[in-house]
Amino acid sequence: MKTTVIQRPTRSLLVGLTVLALVPPALAGEVAQYEPAGPPNLLLITLDTTRADHLGAWGWEHARTPILDELAGRGMRFVRADASVPVTLPSHASILTGLHPPRHGVRDNGTFALARAQTTVVERLRERGYDTAAVVSAAVVARRYGLDQGFGRYDDDLPATGRTVERNAVATTRAALGLLEDLRPPFLLWIHYFDPHEPYEAPAELRRELDGPTPAYDAEIAHVDRELGRILDRIPDDTVTVLVGDHGEMLGDHGELTHGIFPYRGARRVPLLLAGPGIPPGSVDCLVRTVDVAPTLLELAGAPVPDGLDGESLLPLLGSPGECADRPSYTESFQPYLSFGWYPLRSFSDGRWLLVHGPEDRLYDLESAAAETRNVASAHPERAREMRDRLVRTLEAMGETLEPEIEPDVVPTGEEAERLRSLGYVSGGRQSHRLEGELPDPHGKIPVIQDLH
């Protein structure tokens, strides 16, 4: 099979590249391959608590996301992308390492930190001469929790006291533009926006403009979208943008109003986009994961992808997006166990089927009309056993069992615990407990979850 190499052009050549990309590679018997002429600048944008199906590019009719939709239109949109964890800190640890939580060890906010023994994609890029900087927007990803590894500058300048533990999109963009002015190419700039996380406090004019069932939440996403335009207008031409959500928001699905308990679609499925020189426009419908971001950044930079990562580069999918195979997806939530002493939930999907493992295994047919609302385990017992076996093998490959010993390694100060509570996180303070015995099923605790909220 012949290989077509897509080189990194200047912005003046993008029109020609777009025209070429409109020719389906499958028709010509060719596979496009990203191969930059030199190390590109990299912009990594993570959107906290942003579910994919609340963006215009994913079909949400109530969205006000013109910047994100334009980015999706000129880049590659990954229609189905799953997060490793519906919790901010461990999810970002997965994005930056390419590892699932059983490997990198971060299982919840506030009581874990990414160990210095772990290697982030940022460290690998810095070794290859990249200038690196980050601006984060919430205390749960402050440098204390280990995500600063490899960054020359890590702006976590957040309020030291009071209920407010985040900065809004305007302040985040201002800080990011300040960092951008001082970065030398090639650079990696990570910008973390926290606004869609509850409490929803978008500007009043945006809330008034939006209708639909979740206007306060959608207004927060619209607020971030508006600020993204300021960033994208200022980045150099030779910058590739990788945009990904860390997790979504349940918004009442399965009885959960926010996130952290259930690994269902509302919290698991996130937006994922690549855009910039060398990235053809289009969409990829096969299932991918947020752990695929780190190896993608490495390959974009022309750096070797180390063995042992849970993720795989997304770039091989660009040339034949309609012919790719679903990648197995693992998602976990240990917050039920660590905060409340309930059984943790872990999911495994092959793209067609979703198994949610708990005291009772639940199986969902993702191609059915009921999708993730009707448990079909009793109707398909052999499929349920097969999916459970695949989950077990996946965990074994990561050095873990269905009943591991989980040991938090950070003790929050009183102020930190209060900040976590202000964001809806409850730290149970469980220390070095092995998961065993009969524990309550979070599915039976929905009234408690709602009362806690």
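Is Y364 buried or exposed? I looked it up: Y364 has 2% relative accessibility, so it counts as buried. The cut-offs I used are under 20% relative accessible area for buried, over 50% for exposed and partly exposed in between, with a 1.4 Å probe and protein chains only.

**Ground rules.** I am working on a predicted model, where local features need pLDDT of at least 70, side-chain atom pairs count only at pLDDT 80 or more, and totals for chains, interfaces and linings use all residues. Residues are numbered from 1 along each chain as its sequence is written, and side-chain values use heavy atoms, with hydrogens and water left out.

**Whole chain.** I noted 15 helices and 18 strands. These are DSSP runs numbered from the N terminus: H or I of at least four residues for helices, E of at least two for strands. Of the 453 residues, 58% are buried. I then checked contacts, meaning heavy atoms within 4.5 Å. Among contacts with a separation of 6 or more, 72% join residues 24 or more positions apart.

**Cores.** I looked for nonpolar cores, that is, sets of buried Ala, Val, Leu, Ile, Met, Phe, Trp, Tyr and Cys residues joined through side-chain atoms within 4.5 Å. The largest has 57 residues, and L42, L44, F78, L147 and W190 have the most contacts inside it. Helix 11 (residues 293-300) supplies the largest share of this core, 5 residues. Apart from it lies another core of 32 residues, including W58 and F187. I also followed L44 beyond its neighbours within four places in sequence: its contacts include L96, W190, V244 and L297.

**Aromatic rings.** My pairing rule takes rings of Phe, Tyr and Trp (its six-membered ring) with centres within 6.5 Å; planes under 30 degrees apart are stacked, over 60 edge-to-face and the rest tilted. I got 7 aromatic pairs. Y200 and Y217 have ring centres 5.7 Å apart and planes at 65°, so this pair is edge-to-face. Y200 sits in the loop between strand 8 (187-193) and helix 8 (204-209), while Y217 is in helix 9 (residues 215-232). Y200 is partly exposed at 22%, whereas Y217 is buried at 1%.

Back to Y364. Its ring pairs edge-to-face with that of Y264, at 5.5 Å centre to centre and 90° between the planes. The partners are 100 residues apart, with Y364 in strand 16 (residues 362-365). Y264 is buried too, with a relative accessible area of 1%. I also found F151, Y154 and W190 in one aromatic cluster.

**Charge over ring.** Here I required NZ of Lys or CZ of Arg within 6 Å of the ring centre and within 35 degrees of the ring normal. R77 lies over the face of W58, 5.1 Å from the ring centre. The charged end of R107 sits over F334 at 4.6 Å.

**Salt bridges.** I counted 31, each a side-chain nitrogen of Lys or Arg within 4 Å of a carboxyl oxygen of Asp or Glu. R80 and D285 meet at 3.9 Å, N to O. They are 205 residues apart, and each lies in a loop between two strands. R80 is buried at 17%, but D285 is partly exposed at 44%. E227 and R230 come to 2.6 Å. Both lie in helix 9, about one turn apart. E227 is buried at 6%, while R230 is partly exposed at 35%. Last, I noted a network of salt bridges linking D82, R265, R268, R269 and E372.
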